[in-house]
Every structure is written in structure tokens, then in C-alpha cells.
Amino acid sequence: MKTDWQIPDILDLEYFLRLNGPGTTDPGQDRDIYVQHILPALDASAPASRRHVIRKWLDRKREIEKANHPDTAFLPGETYSEIYGLLQVLFFIMAGITGWGMAAALLRYSGVQPVNIASYLGILVFFQIAILMITTLVITVHCIRPGGFSGSVLYGLIGRLAVFVSLKFKQKALKRLSAEKQGAVAATIGLLRGRRKIYGNLFFWPVFRLFQIFGVALNLGVLTGTLLRVLGTDLAFGWQSTLQPSAQTVYNLVHTIAMPWAWLLPADLAYPSLAQVEGSHMVLKEGIYHLATGDLVAWWPFLCFAVIFYGLLPRMLLFVFGVFRTRQSLKRIDFSHSDIDRLYQRLQTPRVSTRGEPSAANPESDVPLAFPEPDAQTNVATTQDRQLMALIPDDIFDECPTDELRNHVQKALAAQIGEILKFGDNLAADREIIQRLGDFEWSDQIPGIFILQEAWQPPIREFLTFLSDLREAMGERAKIEIGLVGRPRPETIFTPPSAADWHTWQRKLQTFGDPYLRLERLVPA
């Protein structure tokens with residue numbers, strides 16, 4: 001089974017992560033997938049990577065979805081593939097027709113006035129060179145600053161158009177989905193704007209490739225239209241300008257333009273000679289009757305080569321570059337954000353059973369608890385080895401038993417608590433904590449912070465500001481995990497939060513759009 005990731009796989013992954021969010025899934029189902037379908041296929045002699053395990057989980061989830069809903073199964077990845085394939089065909093056809101029409105219009109010849117090569121070069125060659133320069137600038141910005149144009153008007157319009165087409169394309173299928181699945185689809189569609197920290201400029205490159213397909217087809221249409229006009233009619237080409245340049249100047253310009261292909265072809269085919277340039281100079285008051293036919297027809301190979309080398313070939317190379325960058329972006333995904341951590345925890349958590357003896361249908365007791373390591377390049381520890389530095393609010397710091405805290409964090413987050421710090425006492429102390437955490441040496445693991453919060457107290461502005469400052473100090477990929485407890489009782493502060501308090505915190509923290517910020521109930525309901 002292949003494990004190479006593509007954009008449709010990412011969309012389906014996000015869809016199932018949204019569908020299986022906190023409180024919306026049975027952890028045992030994911031555990032069963034791991035025990036029955038993933039673990040037997042893993043190589044015991046070598047640790048499996050995260051991307052490999054998650055891909056196998058995704059493939060199994062797709063199978064389950066299609067088996068449970070054979071007629072109404074909806075997968076965003078399939079919809080994306082269908083729509084993107086349709087857009088590629090439409091762009092190619094529209095651009096080809098446009099290019100053919102432009103060539104036909106520019107090569108219109110009545111037998112009185114020759115076709116002015118300046119108009120042809122200006123619109124079909126020089127304008128494309130300017131577009132290529134802008135494209136190079138856009139690529140440079142995206143390579144230096146991923147997502148740099150994601151907030152632009154054009155990018156936003158294209159994104160909204162894709163959403164509109166997606167909804168229209170699958171409108172009937174969406175009507176048959178449950179409200180829960182419709183919400184998961186809507187959340188997945190919002191991926192273009194909400195997941196830039198995880199996927200960078202991954203979703204820029206499909207749009208980029210569409211434009212290159214348009215450019216390739218446009219130039220093919222121009223070449224087809226030009227060759228049909230040359231073969232089917234008796235065309236005459238000439239040049240003229242109000243500036244009255246000399247024939248030598250025009251010849252030098254033509255020779256410079258032809259440099260990319262002049263070394264491949266004979267000079268008389270690659271570009272017009274100086275004599276032919278002089279012989280095709282049009283003077284309005286003199287007409288064309290004094291001009292030689294050989295000079296008037298010498299231009300069309302040069303024009304075709306100019307379109308090929310300054311229009312068609314660059315667009316083809318840019319398309320290949322877009323495919324390459326898409327694959328690079330997919331390979332860089334390390335699957336280390338909080339939703340994947342939560343899924344990993346579900347996969348590795350054994351199901352609790354009250355039966356005394358294991359059965360063949362429930363081989364849970366025979367499955368080792370060791371979980372495969374992530375990719376070495378991701379620098380992500382297994383959940384059993386994760387170390388979190390704990391931040392406890394000042395008002396409950398003294399009532400928080402360390403051993404009990406460690407036990408609850410181990411159960412809820414599958415992580416170990418290291419150093420415990422107190423915060424919220426005063427602004428100056430909080431700033432010192434943030435500075436210390438930002439300068440802390442985290443050895444080889446991604447930084448991880450656990451923050452204990454009482455859910456019955458809604459998130460106030462001071463805490464949200466503290467959270468923002470903490471994120472800025474620790475970097476965008478540091479793990480910040482918030483554990484909620486309910487109203488304290490005389491015997492303990494570790495009580496389950498109410499559903500209303502949980503949703504209040506969830507809605508507020510979702511406004512951060514932070515994929516490495518995780519919210520969990522420290523004590524289950």
C-alpha cells in the first residue's frame with residue numbers, strides 16, 4: 001500500500017480529524033483500527049514513521065466510510081480531485097481558444113497592409129515576459145515567506161470560488177449528510193486559511209499550476225493559430241514605427257531576442273537577416289508594392305520561435321516547478337500538530353475492558369504498548385516520552401497535589417510533567433516566566449507547555465494576552481496544552497468541567513487559529 005501523500009489525502013485527513021474531534025468519537029474505534037489493521041502491517045524490525053501510520057489509519061477510515069455509506073459517502077479529497085481535474089480541462093480549453101483567437105486577430109491581412117510584427121511581439125511575447133517576471137517575484141516571495149500572498153485579494157477570490165464550486169458540485173451529496181458531517185466539511189473547506197502554520201504554501205501551488213496550464217494552452221493556441229494562418233493564407237509581415245528606428249537597430253533587437261534558439265538553427269531560419277529586415281520596412285505613403293515577397297515572409301519562423309521560447313517553454317517549466325514544490329511541501333509535513341497528537345493518543349490507548357479473560361475478538365491484552373517512533377526528521381517524541389513543563393495559576397497552586405496532577409496529565413495527555421511553575425501572581429513575574437520559557441533549552445524535543453485552568457472561570461483578556469505572548473516567545477511550533485478542571489470540591493480541585501464551560505473555552509481558543517494549541521478535559525466527564 002502506498003504511503004505517498006497528496007493534497008486529496010490531506011483534505012480527507014483534516015475531514016476525519018474534524019469529524020473525530022474531542023468528544024465526537026469513540027477512542028476504541030481508532031484503537032481497533034490500529035490493533036487490527038495497522039499493527040500487523042508494521043515492520044517489527046524498524047520503527048514506523050508518523051506519516052506511514054497516519055496514512056494507514058486514513059486509508060482504513062475511507063474504507064469504513066464507503067462501506068457504511070455506499071451511496072452517500074462524501075470525501076473532500078475525491079471532490080477536490082474531480083473539481084481540480086475539471087478546472088484543468090476548462091482552463092486548457094478556454095486558454096487554447098483564446099490564444100487561437102488572439103493570433104487570428106493579430107494576423108489579419110487584407111492584402112493591402114502587411115501584418116505589423118511589433119503588435120504581435122508586443123502582445124504575445126513582451127507582455128508574456130512581463131508576466132513571467134511578476135511570476136518570478138511571486139515564487140521568490142513564497143519561497144522566502146510561505147503563505148506570503150495567502151491573504152491577497154486574488155488568492156482570496158480564488159479560494160472562495162473553489163468553495164462555491166465545491167458546494168455546487170456536491171450539493172445533493174451534502175444535503176444527505178448529517179449536520180455533524182456537514183460541519184466537518186465546512187471546517188475542511190476552511191483549511192486554506194486556517195492551516196498555514198502546518199501546511200505552509202501547500203495550497204498555493206495547485207492554483208499556481210492552474211495558471212501555468214492556462215499559459216501553456218494559450219501559447220499552444222497562439223502557435224496553432226499562427227501556423228494555420230501561415231499555411232492557409234498568403235501572409236506578409238513588416239515593421240514600422242513612429243520612432244523611425246534604423247534597420248540596423250531593429251536587426252540588433254531581433255538578433256538579441258533570437259539568442260535562446262539561434263545557436264540551434266541556421267541563421268536564415270532562426271531570424272531575418274539584415275537585408276530582410278531592411279526589405280520589410282513599411283513606409284505608409286509608399287505602400288507595399290515595392291517590397292520583396294521573400295523579405296515579407298521571412299518573419300513567421302522567428303515569431304513562432306519567440307512564442308515557443310518566451311511563452312510556451314517557460315510555462316511548461318513553471319508547471320513542472322509547481323509539481324516539484326507541491327511534492328516538497330507534502331514531504332515537509334511532519335504530522336506533529338495537536339489534532340494528530342490527539343489521534344496518536346487514541347491509537348495507542350488500550351481499550352478498557354471489564355472481562356477477565358481476553359478473547360480472539362478482543363486481543364487487546366496481547367498487543368504491546370510500544371508505539372512506533374515518528375520520523376527522525378520531525379524531532380517529535382512518542383507520547384509516552386513527551387515532557388511538558390507545567391504552569392499552575394497562583395490561586396490554585398497550593399491546592400494542586402503534584403502526584404495527582406502528574407497522574408491526570410498522564411491519563412489525559414499521555415505525557416510526563418517535568419518542572420512546575422506558578423503564574424498569574426503579577427504581571428512582572430509572568431513576563432519573567434515567558435522570558436525564561438523562551439530561552440529554555442529543550443534539548444532534542446519540540447517545546448511543550450501544560451497550563452492548568454479552571455473551566456468555570458471563562459478565559460479573561462489577561463490570560464489570552466499571556467497565551468499570545470507565550471506563543472510568540474516559544475515559536476509557532478511549540479506545543480501548548482491546556483487542561484481544564486471543573487469547580488473545586490473540598491477534597492480535590494480535579495473535577496470534570498461542565499459541557500457549557502468546555503464549549504466556552506473551546507470557542508474562545510479557536511479564535512487563535514493555532515494548530516499547536518491543544519485543549520483537553522483533564523478529568524473526563
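Trainee: Is Phe 335 buried or exposed?
Mentor: This is a predicted model: local features need pLDDT of at least 70, side-chain atom pairs count only at pLDDT 80 or more, and totals for chains, interfaces and linings use all residues. Residues are numbered from 1 along each chain as its sequence is written, and side-chain values use heavy atoms, leaving out hydrogens and water. Buried means under 20% relative accessible area, exposed over 50%, and partly exposed in between (1.4 Å probe, protein chains only). Phe 335 has 1% relative accessibility, so it counts as buried.

Trainee: Where does Phe 335 lie?
Mentor: Its phi is near 55°, a positive value in a residue other than glycine. Helices (H or I, at least four residues) and strands (E, at least two) are DSSP runs, numbered from the N terminus. Phe 335 sits in the loop between H17 and helix H18 (338-348).

Trainee: What is the relative accessible area of Ala 414?
Mentor: Ala 414 is in the loop between H19 and S4. Its phi is positive, about 50°, although it is not a glycine. Ala 414 is buried, with a relative accessible area of 8%.

Trainee: In what order do the five strands of the open sheet stand?
Mentor: Two strands pair if DSSP finds at least two bridges between them. Here the pairing is parallel, and the order is S4-S3-S5-S6-S7.

Trainee: Which strands stand at the edges?
Mentor: An edge strand here has a single partner strand, so one side is left without a neighbour in the sheet. That holds for strand S4 (416-423) and strand S7 (517-521).

Trainee: How many bridges join S3 to S4?
Mentor: S3 and S4 run parallel. Leu 388 stands opposite Ile 417 in S4. The count of bridges between S3 and S4 is six.

Trainee: Why is S3 largely enclosed?
Mentor: S3 also pairs with S5 over three bridges, in the parallel sense. Ala 390 stands opposite Phe 450 in S5. S3 is largely enclosed by the rest of the structure because, of its seven residues, the number buried is six.

Trainee: At what angle does helix H19 run to S4?
Mentor: Axes are lines fitted to C-alpha atoms, for helices over the stretch in contact; angles run from 0 to 180 degrees between N-to-C directions. Contact means heavy atoms within 4.5 Å. H19 (residues 402-413) lies across strand S3 (387-393), S4, strand S5 (448-454), S6 and S7. Its angle to S4 is about 120°.

Trainee: And what angle does the direction of helix H21 make with that of S5?
Mentor: H21 (residues 461-474) packs on the sheet. It touches S3, S4, S5, S6 and S7. The angle with S5 is about 175°.

Trainee: Which residues touch the most other members of the largest nonpolar core?
Mentor: A nonpolar core is a set of buried Ala, Val, Leu, Ile, Met, Phe, Trp, Tyr and Cys residues joined through side-chain atoms within 4.5 Å. The largest core has 34 residues. Those touching the most other members are Phe 237, Trp 261, Trp 299 and Phe 302.

Trainee: Which helix gives this core its largest share?
Mentor: Helix H5 (117-144), helix H11 (204-232), helix H12 (247-257) and helix H17 (300-332) each supply at least two residues. The largest share is eight residues, and it comes from H17.

Trainee: Are the rings of Trp 299 and Phe 302 stacked or edge-to-face?
Mentor: Rings of Phe, Tyr and Trp (its six-membered ring) pair if their centres lie within 6.5 Å; planes under 30 degrees apart count as stacked, over 60 as edge-to-face and the rest as tilted. By this rule there are 18 aromatic pairs. Trp 299 and Phe 302 have ring centres 5.9 Å apart and planes at 75°, so the pair is edge-to-face.
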